Amino acid sequence: EFVTEQFVTIKVKDKNQRLHNFIILDYFDTASLYTDGLIKKKDNVIVSYSEIELYDAKTKEFRYYKVVSGLERK
């Protein structure tokens, strides 16, 4: 699932049905899979990411976010 607010959040369920949230903050080589609409809600994807500590203005504290560095369709 894709949620578009200030940044795009990609919500992905793993094989154990756990939900993971990833955000797109900057450009990466395979960003066109998302920007060109080539990935659909039910597609199987591999998400490469790094964890970055950012300030959350809602909770007023720093927390770790999973930031997308690559996308791949299975």
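Which residues make up the largest nonpolar core?

## Nonpolar core

The largest nonpolar core has 12 residues: Val8, Ile10, Val12, Phe22, Ile24, Phe28, Ala31, Leu33, Ile39, Val47, Val68 and Leu71. Such a core is a set of buried Ala, Val, Leu, Ile, Met, Phe, Trp, Tyr and Cys residues joined through side-chain atoms within 4.5 Å. Buried denotes under 20% relative accessible area, exposed over 50%, and partly exposed in between, with a 1.4 Å probe and protein chains only. In soluble globular proteins, nonpolar side chains tend to be buried together.

At least two residues of this core come from each of strand 2 (8-13), strand 3 (19-24) and strand 5 (61-73). Strand 2 provides the largest share, 3 residues. Strands are DSSP runs (E, at least two residues), numbered from the N terminus. Beyond its neighbours within four places in sequence, Phe22 is in contact (heavy atoms within 4.5 Å) with Val8, Thr9, Ile10, Val12, Val47, Tyr49, Lys66 and Val68.

## Basis of the model

This is a predicted model, in which local features need pLDDT of at least 70 and side-chain atom pairs count only at pLDDT 80 or more, whereas totals for chains, interfaces and linings use all residues. Residues are numbered from 1 along each chain as its sequence is written, and side-chain values use heavy atoms, leaving out hydrogens and water.

## Pairing of strands 2 and 3

Strand 2 and strand 3 run antiparallel and are joined by 6 bridges; two strands pair if DSSP finds at least two bridges between them. Opposite Thr9 stands Ile23 in strand 3. The hairpin of these strands has 5 residues between them, and there Gln17 takes a positive phi near 70°.

## Asp56 and its surroundings

Asp56 is placed in strand 4 (residues 45-56) and is buried, with a relative accessible area of 10%. Not counting residues up to four places away in sequence, Asp56 touches Glu61, Arg63 and Tyr65.

The side chains of Asp56 and Tyr65 are joined by a polar contact of 3.3 Å. That term denotes a pair of N or O atoms within 3.5 Å; within protein, one must be able to donate a hydrogen and the other to accept it, and residues adjacent in sequence count only if both atoms are side-chain atoms.

## Aromatic rings

The whole structure contains 2 aromatic pairs. In one of them, the ring centres of Tyr55 and Phe62 are 5.2 Å apart and the planes lie at 65°, so the arrangement is edge-to-face. Rings of Phe, Tyr and Trp (its six-membered ring) pair if their centres lie within 6.5 Å, with planes under 30 degrees apart counted as stacked, over 60 as edge-to-face and the rest as tilted. Tyr55 is partly exposed at 46% relative accessible area, while Phe62 is exposed at 54%.

Methods. Helix = DSSP H or I, 4+ residues; strand = E, 2+ residues; numbered from the N terminus.
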